[in-house]
Amino acid sequence: MASIKGSRGRGVALHAVLVCGLLLSAFPFYWAVVMSTHTSTEIFSYPPKLLPGSHFTENVRNLFDTVDFFGSLLNSLLVAVSVTALVLFFDSLAAFVFAKFDFPGKRALFALLMLIFMVPMQLQAIPQFVIMAKLGWIGSMTSLIVPAAANAFGIFWMRQYMKSAIHDELIDASRLDGAGFLRQYWHVALPVVRPGLAFLGIFTFMGQWNDYAWPLIALTDPDNVTLQVALSQLNGTHGTTDYGMVMTGALLALVPLLIVFALGARQIIGDLAKGAVRG
Amino acid sequence: MATAPALDKPPAAATGTTAVHRRKGVLSHWRLYAAISPFYLLFLCFGLIPVGFSLYLSFHRWDGLGAMEWAGLAQFRYLLTDTDFWSSIGNTLIIWALATFPMILLAMVTAVMLNSAVRFKNVYRFAYFLPNVTSIVAVAIVFGSVFSTNFGLMNALLQAVGLDQVAWLNTPWGIKVAIATLMTWQWTGYNAIIFLAGLQTIPSDLYEAARIDGAGPVQTFLRVTLPLLRPTLLFVLVVSTVTGLQSFAEPQVLLQTTANESTFSGGPDHAGRTMVLYFFQQTFDNNDFGYGAAVAWGIFLVVVLFSIINWRLVQRRGED
């Protein structure tokens, strides 16, 4: 049958186009590898080097001599891990209440939560800076961790998840056994929504790891910053001179995130897309 | 939600004496409020009070250190005549349009192809999503090298095919194209996956019916797929508007090496100075907190306005 041959040909063409898109998506990562393995002289030459070179270790050594890479890496980890832990706890606790209980003022409080979604960062930036300065938090990681410790998106998302995932009979049964509110939350609700927590955790971690605008303002001590800010400083001061080193910094900053994403990709992609279609 | 186990209305089996029950109810409420309080406390301190304070500030002159001085509507009056602010709106909109329209088109085409390709779907989804989760600072640095005038890959390609080189990060249009390319790269795959999820909600018998009626692939797409994809398109467009009109990190990192006065200046001739960059420049470079607050409210209005316009456009097309 001719049509089978035709559809197979179309299938090959389809995958050819999709692979092109895939290569475009991946290209900047490859390009970072190429640039970070060459010296600046090689990078500045024509024609451009299209394959990885052999100067990676040299670039890494220059990078570590120029910026406090591990210091800022630790800062980024500290912020991302603390915020993720706090968000998981506070958001799931509040979401549990909104999903499974009735109390006076519930509707109004939830409507307020949705409104908070819409407030743009710029409207908060100046007063937040002033408040943080008064508290003496400017320049320290506290200024990044505390305001991010609970968020509207996470509560909203976890509430949707808990509504369908936790069966009311489970809570009723545990109450008959004499479990109080906190035990219902800890022993009944949390074990059931573990996949949801994984999504929220990975999503929060990545968001915090990549956060740039607020850390750029709040971290006023140039020697005590997160990785993104350190990278930006590096690019600002050496971006026109030592490209190989700057690119090495960019590449190394990407690695922890790629690992986290690879671990949770299936869940992240599926859940985000589902939420968008539903919303 | 009749089935929700409200603590103040326990199921009949659990009911003891009413007095105990009522006291238990009050106690439980107290716990519930305590459980949701962390978010609302944080929001009060770092959300509501700041927004109120922003409004208050925008009616004052303040350098962040000295005494605040009442300015009435002067900041807003200046904002309306500030050509730098208007040109930053123009820059933002041009960059947004250059990024968003190709992105939505590409994302839709990619989603339709992904929907019909059965094999390797998860591999494609993973790879297409990757740009969206990576650090914008690192990626902007890589794009900066690709668009570099002297040794960038773009110019090497142009030279290879015999075209003139372009000083990408030094000309008004080059700057905008470079920023828009970065944004398109970062968001196309994400939106393709959103569209794909939307496509998968369309029942396959509709396609079957269209095929029986003799509709070609293009006709099927325009008459069946596109109308049913409208809610997803709306979501994509609104998210792109809200994020695209508030772009900051892309121009800031991309242009920080060619910026001469400050890292918020948006490159030569301020061609890449978006609204949010202008806000940062006024506030944290010039220490003009009062005017910065007025600019922030201006940005908020522009974003809300364009979100509504997009919403209306997509909705009205649906009524045809």
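This is a predicted model: local features need pLDDT of at least 70, side-chain atom pairs count only at pLDDT 80 or more; totals for chains, interfaces and linings use all residues.
**View 1. Chain A is a helical chain.** Chain A has 14 helices and zero strands. Along the principal axes, the C-alpha atoms of chain A fill a box of roughly 75 × 75 × 35 Å. Buried residues make up 49% of the 279 residues. Of the contacts in chain A with a separation of 6 or more, 73% join residues 24 or more positions apart.

**View 2. Chain B meets chain A.** The contact involves 90 residues of chain B and 96 residues of chain A. Between them the two chains bury about 8,200 Å², and 78% of this area lies on carbon and sulfur atoms. Helix α1 (residues 18–57) of chain B gives the largest share of the side of chain B that touches chain A, with 19 residues. By class, that side of chain B has 66 nonpolar, 20 polar and four charged residues.

**View 3. Polar pairs cross the interface of chain B and chain A.** Here 17 residue pairs are in polar contact, both residues at pLDDT 80 or more. Across this interface the rule finds zero salt bridges. Over all chains, a search of the whole structure finds six. The views below show some of these six.

**View 4. A:K100 pairs with A:D168.** Their side chains meet in a salt bridge, at 3.0 Å from N to O. The pair links distant parts of the chain, 68 residues apart. A:K100 lies in helix α4 (residues 69–100) of chain A, and A:D168 in helix α9 (residues 168–176) of chain A. A:K100 has 4% relative accessibility, so it counts as buried. A:D168 counts as buried too, at 11%.

**View 5. B:R61 pairs with B:E69.** The closest N and O atoms of this salt bridge are 3.5 Å apart. B:E69 is partly exposed, with a relative accessible area of 44%. B:R61 counts as partly exposed at 40% relative accessibility.

**View 6. B:E208 pairs with B:R211 within one helix.** The side chains meet in a salt bridge, at 2.9 Å from N to O. Both residues lie in helix α8 (residues 204–212) of chain B. They are three residues apart, about one turn of the helix. B:E208 is partly exposed, with a relative accessible area of 39%. B:R211 reaches 54% relative accessibility, so it counts as exposed.

Notes:
Residues are numbered from 1 along each chain as its sequence is written. Chains are lettered from A and ligands numbered from 1 in the order in which they are written. Side-chain values use heavy atoms; hydrogens and water are left out. Contact means heavy atoms within 4.5 Å. Buried area is the accessible area (1.4 Å probe) that two parts lose on being put together, summed over both. A salt bridge is a side-chain nitrogen of Lys or Arg within 4 Å of a carboxyl oxygen of Asp or Glu. A polar contact is a pair of N or O atoms within 3.5 Å; within protein, one must be able to donate a hydrogen and the other to accept it, and residues adjacent in sequence count only if both atoms are side-chain atoms. Helices (H or I, at least four residues) and strands (E, at least two) are DSSP runs, numbered from the N terminus. Ala, Val, Leu, Ile, Met, Phe, Trp, Tyr, Cys and Pro count as nonpolar, Asp, Glu, Lys and Arg as charged, and the others, Gly among them, as polar. Buried means under 20% relative accessible area, exposed over 50%, partly exposed in between (1.4 Å probe, protein chains only).
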